[in-house]
Amino acid sequence: MISTIFAAITFGYLGSQYLSRNLMYLISVGMAGVGAVASVTPSKSQKKLESEFQQQQK
């Protein structure tokens with residue numbers, strides 16, 4: 001987890017130094033969109049747990 005945060009900060013710094021500002025805005029909006037979709041979409045393990053729970057109740 002810490003290495004992921006470090007990599008994101010490093011990429012953000014290097015990107016802001018060498019890429020244009022508009023491209024960095026596009027990348028950040030895309031990453032925010034991916035995060036929003038991932039947080040809304042239920043995971044496969046959650047679906048599996050729900051189906052097992054429903055089978056136990058029968």
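Biologist: How many helices and strands does the chain have?

Modeller: This predicted model has 3 helices and 0 strands in its chain. Along the sequence, the pattern reads α-α-α.

Biologist: How far does helix 2 reach from its first C-alpha to its last?

Modeller: Start from the expected span, which is 1.5 Å times one less than the number of residues. Helix 2 covers residues 21–40, and its 20 residues reach 29 Å, close to the 28 Å expected.

Biologist: Is helix 2 well covered or hardly covered?

Modeller: A residue counts as buried when its relative accessible area is under 20%. In helix 2 the count of buried residues is 1 among 20, so the helix is hardly covered by this definition. For the chain of 58 residues, 3% count as buried. The chain exposes about 5500 Å², and carbon and sulfur atoms supply 66% of that area.

Biologist: Which residues form the nonpolar patch on the surface?

Modeller: The patch consists of Tyr-13, Leu-14, Tyr-18, Leu-19, Leu-23 and Leu-26, with about 670 Å² of accessible area together. Helix 1 (2–18) and helix 2 each give two or more residues to this patch. The largest share, 3 residues, comes from helix 1.

Biologist: Why does Leu-26 count as exposed?

Modeller: Exposed means over 50% relative accessible area. Leu-26, which lies in helix 2, counts as exposed because its relative accessibility is 62%.

Biologist: Where in the chain is confidence lowest, and where is it highest?

Modeller: Where pLDDT is low, the predicted coordinates should not be read in detail. Confidence is lowest in helix 3 (residues 44–57), at a mean of 66, and highest in helix 2, at 81. The chain has a mean pLDDT of 75, with 71% of its residues at 70 or more.

How values were computed. Residues numbered from 1 in each chain as written. Predicted model: local features only at pLDDT ≥ 70, side-chain atom pairs only at ≥ 80, totals over all residues. Heavy atoms only, no water. Helix = DSSP H or I, 4+ residues; strand = E, 2+ residues; numbered from the N terminus. Buried < 20%, exposed > 50% of the residue type's maximum accessible area, 1.4 Å probe, protein only. Areas by Shrake-Rupley, 256 points an atom, 1.4 Å probe, with all protein chains shown as cover. pLDDT = per-residue confidence, 0-100. Patch = residues over 30% accessible without salt bridge, like charges linked within 9 Å, V, L, I, M, F, W, Y side chains within 5 Å. Salt bridge = Lys/Arg side-chain N within 4 Å of Asp/Glu carboxyl O.
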